[in-house]
Amino acid sequence: MTKADSIFKENIRKIMEEGVFSENARPRYKDGNVANSKYITGCFAEYDLAKGEFPITTLRPIPIKSSIKEILWIYQDQTNDLSVLQEKYGVQYWNDWEVEGTGTIGERYGAIVKKHDIISKILKQLEENPWNRRNVISLWDYEAFDQSAGLLPCAFQTMFDVRRVNGDIYLDATLTQRSNDMLVAHHINAMQYVALQMMIAKHFGWKVGKFFYFINNLHIYDNQFEQAEELLRRTPSEVEPRLVLNVPDGTNFFDIKAEDFELVDYNPVKPQLKFDLAI
């Protein structure tokens, strides 16, 4: 069993056995009913990417390419415009969170990256002094939240650090999430930010190091309990999948494309499970 599958099963069991039910939940299902969840708090995982550990489950297929396209929309295009996500990348799942009449998700995600010129600053800091301890991406912007409606960022903070080991420089990353849907979004979010980490490492010709993942509220929605039990029954792959970025070292961050990524040795258990999302 891979490390990611072991952590996945352990967290599912912990939520189902030890979790508590949400009260006064904000989300709704598409039929209008309240989307309650069972949750635990303060979950942490560590993956050593340099040793081939990747945060992706083999217990069900994870749509990596569309997830990476979302990251490009946020950090390369730096926009909240849904038409860019749909027309340039063919990704539509953010449509359910459109702020009515705007064609956007509100002043969120890519809009915040652009507002603060975050990526240019991060790349400049790492170029000038790779060992600085201030490489922080924060999408939590109270001013922006007051300016428009929209879902508040779940994956809201990322931090980067470097280490030199035997002459090689490794880029580590830490992702912090306020809230995470364990069965649907967990590995999507993790692999998205591994992809971002890989893009920054390639920009400088560094190796990818460790990926640290902290989630404050990890939950399973009450219409997903059957799927949770099915995932626990499944036998995962014994082969560790790998995400590969097929571009030369030194490739500019903004020139990297979704098709440059390749998921190797990924043989997830099928069939895919159906999930009705909470909006």
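Me: Exposed means over 50% relative accessible area, buried means under 20%, and partly exposed lies in between (1.4 Å probe, protein chains only). The model is predicted: local features require pLDDT of at least 70 and side-chain atom pairs count only at pLDDT 80 or more, whereas totals for chains, interfaces and linings use all residues. Residues are numbered from 1 along each chain as its sequence is written, and side-chain values use heavy atoms, with hydrogens and water left out. Does Asn166 count as buried or exposed?

Reply: Asn166 lies in the loop between strand S4 (155-165) and strand S5 (168-181), where helices (H or I, at least four residues) and strands (E, at least two) are DSSP runs numbered from the N terminus. Its phi is positive, near 50°, although the residue is not glycine. Because its relative accessibility is 79%, Asn166 counts as exposed.

Me: What is the relative accessible area of Asp117?

Reply: Asp117 occupies the loop between H4 and H5. Asp117 is partly exposed, with a relative accessible area of 35%.

Me: Which exposed residues are carried by the face of H5 turned away from its buried side?

Reply: In helix H5 (residues 118-128), the buried residues are Ile118, Ile119, Ile122, Leu123 and Leu126. Because they cover an arc of only 125° around the axis, they lie on the same side of H5; the arc is that of the directions from the helix axis to the C-beta atoms. Their cover includes helix H2 (64-75), helix H4 (110-115), strand S3 (136-138) and helix H7 (186-204). The face turned away from the buried side carries the exposed residues Glu127 and Glu128.

Me: Is the crossing of H2 and H7 left-handed or right-handed?

Reply: H2 and H7 pack at an angle of about 55°, with their axes 9 Å apart; axes are lines fitted to C-alpha atoms, for helices over the stretch in contact, and angles run from 0 to 180 degrees between N-to-C directions. The two helices are therefore oblique to each other, since angles under 35 degrees count as roughly parallel, over 145 as roughly antiparallel, 65 to 115 as roughly perpendicular and the rest as oblique. A crossing is left-handed if the near helix is turned anticlockwise from the far one by less than a right angle, and right-handed if clockwise. The crossing of H2 and H7 is right-handed.

Me: Which residues of H8 make the contact with H1?

Reply: The axes of helix H1 (residues 3-18) and helix H8 (residues 225-233) come within 10 Å and cross at roughly 140°, which makes H1 oblique to H8. H1 passes H8 in a left-handed crossing. H1 contributes Phe8, Lys9, Ile12, Arg13 and Met16 to the contact, and H8 contributes Phe225, Ala228, Glu229, Leu231 and Leu232.

Me: How many Å apart in space are Tyr47 and Lys3, C-alpha to C-alpha?

Reply: Tyr47, in strand S2 (residues 37-48), is buried, with a relative accessible area of 1%. Among the residues it touches beyond four places in sequence are Lys3, Ala4, Ile7 and Phe211. Tyr47 and Lys3 are 44 residues apart in sequence, and their C-alpha to C-alpha separation in space is 8.2 Å.

Conventions:
Contact means heavy atoms within 4.5 Å.
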